[in-house]
Every structure is written in structure tokens, then in C-alpha cells.
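Please look over the model below.

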Amino acid sequence: MIRSAISDIEQSIKDNASLSELALILYQEKDIEKAYKYINFSMEDALFYNSQLRYILLSNVMPLINESYQVKSNKQKTVLKTTLIFISVLSFFLLLSFIYIFIQNKKLSIARNDLRNANIQLTQLNEQLSVANFNLNDLNNDLSESNLIKEQYIGSFLAICSNYIDKLDGYRKMVKKHITGQKVEELLILTKSRKIIDVELTEFYQNFDNTFLSIYPN
């Protein structure tokens, strides 16, 4: 049937029954587009040839093919319309996404700039903190030295006081012993002498020198 239709077309035979029969076969096989194309081609030849019989035969078949073609065309239009709507909606969301991304990028740029400024300020604060820590270390060293001085002074003071208490207790016992033994004259001679005071004063100077040189050796 295909070869016969090709032969009719090549020989310019307008009374071409093969092409119309082929269109009907294609219609039955659901190849609507080719069936529609071939039946219209056959109708044009029938009108050109002015064959009433061929025109009547085509008129019985052509409405079925045309209707199927229109149904298929409408379905394709519906699919195309739906696709266009989907593409339009998708394009709208893409546009919104682009605007959102642009705004977010702008905010991100501002945030990066703020972060850069914050880092600069943080660096400056770190430098100031380093200086403050250095000064604090110096102050701590001075405080430690001051505490050491206090500790040594307190220790020396306690030692001297303890020594004086022991000496005072010994002196008390010596006085008691002389009074009990009726040795008042010897006790009076001892109290008149500056030997004890000179010894204590010498020891006081010695303790002061030792304490001072231990705190300030240079």
C-alpha cells in the first residue's frame, strides 16, 4: 500500500486510492497525525481530480480522522498549556529564588563587612589586653615582692618578740631569785648597769641589718 501510494504520487496520479486506504490503516493503528496528513492530501487530489465517488468515500472517512486529530490536538494543547503554566510558575519561583539569593548575598556581604570590622576591633582589644596583662604581671610581681617583704617583716617581728618575752621571763626569774635570796644590793647593782641594754641594742641592730639585707640584698 505504501509503495502504491508512492507510485501514485511520483506519477502524479490524482485518483489515488492507495493513500486514502493507507490513511485509514494508520487511523486504525492510532497513528493519527500521519492519517490526518494523508487523508487531507487525498482530499486535495480528489477535489483537483473532481472525482465524486472518491470525494464521497473520503467524506465518510475524513470526519473520523479529523475528529481524532482534533482530540489529539486538543490533548496536546492542554498538555502544552499545562506545561507552559508549570514553566511560568517555575520561572516565577526561580525569580523569587534569585531575588531571595540576591538579598541574602547582600546581607552576607554586610555581615562579612561587619565581621571584618569586629575582627579589627577584636585585634585592637587583644593588643590592649596584652598590654593590660603585662602591666598586671608587673603589678603581681610587685605585689608578690611586697607580700614577701611583709612575711619576712612579720616573721622577724614575731621572732624578736618571742625572744624578748623569753628574755623578760628570764629577767623576771632572776629578779625573783635575788629578792627571795635577800640579794637586793646585787639586784640594784645589776639594774644600774647599762650592760643589758647595750647587749639588747646591739642585738636589735644585728637583727635589723639581717632582716633588711635579706629583703634588699643589693
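Q: Is Lys-173 buried, partly exposed or exposed?
A: Buried means under 20% relative accessible area, exposed over 50%, and partly exposed lies in between (1.4 Å probe, protein chains only). Lys-173 has 48% relative accessibility, so the residue counts as partly exposed.

Q: What do the numbers rest on?
A: This is a predicted model, where local features need pLDDT of at least 70, side-chain atom pairs count only at pLDDT 80 or more, and totals for chains, interfaces and linings use all residues. Residues are numbered from 1 along each chain as its sequence is written, and side-chain values use heavy atoms, leaving out hydrogens and water.

Q: Which residue forms a salt bridge with Lys-173?
A: A salt bridge here needs a side-chain nitrogen of Lys or Arg within 4 Å of a carboxyl oxygen of Asp or Glu. Helices are DSSP runs (H or I, at least four residues), numbered from the N terminus. The closest N and O atoms are 3.5 Å apart, and the partner is Asp-169.

Q: What is the N to O distance between Asp-169 and Arg-172?
A: Three residues apart in helix H4, Asp-169 and Arg-172 are separated by about one helical turn. Asp-169 is partly exposed at 30%. Their side chains meet in a salt bridge at 2.7 Å.

Q: Which residue pairs with Glu-203 in a salt bridge, the closest N and O atoms being 2.2 Å apart?
A: The partner of Glu-203 is Lys-167. The pair links helix H6 (residues 195-215) with helix H4 (residues 52-180), 36 residues apart. Glu-203 is partly exposed at 24%, and its partner is Lys-167.

Note on methods
Helices (H or I, at least four residues) and strands (E, at least two) are DSSP runs, numbered from the N terminus.
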